[in-house]
Structure formats: C-alpha cells, structure tokens
Amino acid sequence: RTVAGPEVQPAKEYCGFEQGPIRPPSEAASLLIRITRNCHWNQCMFCPCYKGQEFSLRPVEDILRDVDTVAKYVHLLQKKMETCLDAVLRVSDFAREIKGEELEAFQAAARWVNHGMESIFLQDSDALVASPEDVVKVLKRLREHFPNIKRVTSYARSHSVVQLNMEQLLALREAGLNRIHIGMESGCDDVLRMMKKGSSKRRHIRAGQMVKKAGFELSEYIMPGLGGAALSRAHALDSADALNQINPDFIRLRSLAVNESIPLHTELVEGRFTKCTELQTVQEILLFIESLEGITSTVTSDHMLNLFEEITGRLPDAKPAMLAVLRKFLAMPPEEQVVYLIGRRAGAFRHLSDMENRTAYNRVKGVILSRGITPQNVDHFSDAIMQQFI
C-alpha cells in the first residue's frame, strides 16, 4: 500500500461462517464472502448502514475457512442433486444434520447452488481496503474450488482504490476479481463535502480510470437528489462530467431517500438541507442523462426507490429512448404526474407505460381521490410511502 490502511483488529476465535448485511441488487444471486466487517469510513450523511458498528478486517485464515466450508457443502449438494430425484426434500433433511457453526455456510451454499453458482460478491462495504495479498489468497482459493464461476465482484471506495498501485490492481484482476462497484454518489465537490463522502471529484475520476486501466468491469453509482434543491443542477452536471472522463461499464442510479436512520434526516428537519421534490428529481435526471457524452456505459435503474425502471440501456444508442421517457413525464398535466408518482411509489406501476393499464390506473386514481392527494401535497404522500420500503 502506498498509504497505510486500517489496522487489523486483534484476532478473535473463529465463530463460524459470516455474511454481512448488504450487497448490490445486481449481486442477488451471488455467494457472499465476507472480507471486512462494516465500513471503515462510516461518515456518509445519506447512508443508514453500519452506524454504531465497529469496523474490522477479518483474518485471512477465517475467510479461507469460510470458503472451504461453503465449498464442502456446495460439492455435497451437487452430488446429492445428481443422484436424488427428490432433491429438495433430501436437501431439507440434510440441513437438519448440520452442526450450529456451519449451518449458515450450508444455507449460503444451498442458495448459491439453487441460483446457478455463477457469481461471488466480496463483502462488506470495501474489500479493497484489506491487504491486497490477503484478497489475492481468497480469490485464488475461490477459483480453486469454483473454477467455472463467471464473476467475482466487490464494493470499493475511491480512496481505497487510489491507495493501490497498478501492480496490486493487476494482481487482484489476474487472481479473479472481475468487477468493482464504486459509490461515486456525486461528482460535485460541494455535494461530496456536504454529505461527508470523504472523496472528491478528482479522486473519483482517478480511481475510476485506474480500475478501467487494470481491466476490471466498473459500476459507478450516482444518487439523484443528493445535492438537494440548492445543488441539484451542479450535482447533475458535475456527476456527468466525471463519468464522461471515466467511461465506466455501468452507471447505476440510486435515488436519495431520507428517513430517521440517517444523519441527513437531522439536517432536513433543522432546515439545513432542502430535499428535491419528485418533479425536481426528474428534471435533474434529465439534465444528467443529457450531459452524458462520448461514453459507452450502460445506464441502469435497478432499485425499487427509482422512479423509472425503463431508464436503462447502453449509451449512446439508448440515450434518446431514456430522454423520451423523462420528457414525456415532464410534459404530462400535473394531475397525471401525480397518478404516476403515487402509482410507482405504491408498486402499481413500474414503467410510465403502465398507466395505460386502465384497471391499475383507476385503482391508483381512487386512492388519490380518497386521500386528497394533489400536485401541491404529493411529495408528502410519496415520502411517506417510500419510508415503508427503506
């Protein structure tokens, strides 16, 4: 490392297989292998995860033991499924025989086998903050046990990436790490400072370029609404500019949601942060996508808190279709915008075209009339519905 990373906490007795609390939606079918516990930064104003939790690096011996234990049950399950016609029943019976400290490893193995065993995700918030040599050991062990996996991925902070040199990044890539997920959140320095992200536009660009140069697939996350009403335009323009200089493989949208579990809630309640309205957020996303130029990234809107699932596709070819959806919404009468907003937040709509389903449309319209929802108060009701999902 060019800069010292977090110290490893004193080793504790191995207590069995571990899995952390989160992973990207795109890794829903992945086997989860925990490299670190919690987040070593843990100051982001918008993030509800890991608050009050101590960060630690897991001893590599414990991680390798996790991998070996999961592999043992994966191979046993594969053999059973090859020989048993009633595989589901036999696996259920088999689970009852697993001793306590290995039960979670067995359950993880069973889920992964059921999903086809194509990908692995290294947890928690930033596996690259661990010793590169240790992560290489884990990657090699994974490839020894599972030579046919298609993808191994990890979250990483830009700060952790730029602490590595190209030789270390290439070693991770050659050992089998394929994709890195980075939470840029914003390319605007004012927004990054306000949200205590612990990074800068320049560092985000450098980290993204390093990841791409080393041959990884790169997913960059952008959070619409993160700048609030005051910095919405700068947030959109600077984020697009940063991504234009990186050309990541994926640009993933993650809309801001504010509830009592995050530090930003206090700023909102005390008047130091003004949240974008739903309409302002759509206008921001439109400006952001309009400003993406000269890149071939795939934009994805794969999160339930995003307003439009159909804002997806590879640039530049898909850009006109994505912009058309946003412009169509903005051109709708305010009362029709309310129908879509409430329908989307309540789960009745996934795409703007779903409003053409008259049964769903009339059901949402009935709710709006019964609750007295109007263009003037729709954000209050929208926020209340979102809280139920967070």
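**Reading the model**

Analyst: Buried means under 20% relative accessible area, exposed over 50%, and partly exposed in between, with a 1.4 Å probe and protein chains only. This is a predicted model, where local features need pLDDT of at least 70, side-chain atom pairs count only at pLDDT 80 or more, and totals for chains, interfaces and linings use all residues. Residues are numbered from 1 along each chain as its sequence is written, and side-chain values use heavy atoms, with hydrogens and water left out.

User: Where does Ser186 sit?

Analyst: Helices (H or I, at least four residues) and strands (E, at least two) are DSSP runs, numbered from the N terminus. Ser186 lies in the loop between strand 6 (179-185) and helix 7 (189-194).

User: Which residues is Ser186 in contact with?

Analyst: Contact means heavy atoms within 4.5 Å. Leaving aside neighbours within four places in sequence, Ser186 contacts Val191, Leu192, His204, Ile222, Leu226, His235 and Ser239. Separately, a polar atom of the Ser186 side chain lies 3.0 Å from the backbone nitrogen of Cys188.

User: How do I read strand pairing?

Analyst: Two strands pair if DSSP finds at least two bridges between them. Strand 6 and strand 7 run parallel, joined by 5 bridges. Ile182 has Glu220 of strand 7 as its bridge partner. Glu220 in turn is partnered by Ile251 in strand 8. Strand 7 and strand 8 (residues 250-253) pair in the parallel sense over 4 bridges.

User: Why is strand 7 described as largely enclosed?

Analyst: 5 of the 6 residues of strand 7 (residues 217-222) are buried, so the rest of the structure largely encloses it.

User: What handedness does the unit of strand 7, helix 9 and strand 8 have?

Analyst: Point the strands away from you; a crossover is right-handed if the path from the first strand over the helix to the second runs clockwise. Strand 7, helix 9 (residues 232-246) and strand 8 make a right-handed β-α-β unit.

User: How many residues are in the largest nonpolar core?

Analyst: A nonpolar core is a set of buried Ala, Val, Leu, Ile, Met, Phe, Trp, Tyr and Cys residues joined through side-chain atoms within 4.5 Å. The largest has 99 residues, and Ile33, Ile120, Leu122, Phe288 and Phe308 have the most contacts inside it. Helix 1 (residues 60-83) gives the largest share of this core, 9 residues. Another core, of 14 residues, lies apart from it and includes Phe46, Met223, Ile262 and Phe273.

Notes
A polar contact is a pair of N or O atoms within 3.5 Å; within protein, one must be able to donate a hydrogen and the other to accept it, and residues adjacent in sequence count only if both atoms are side-chain atoms.
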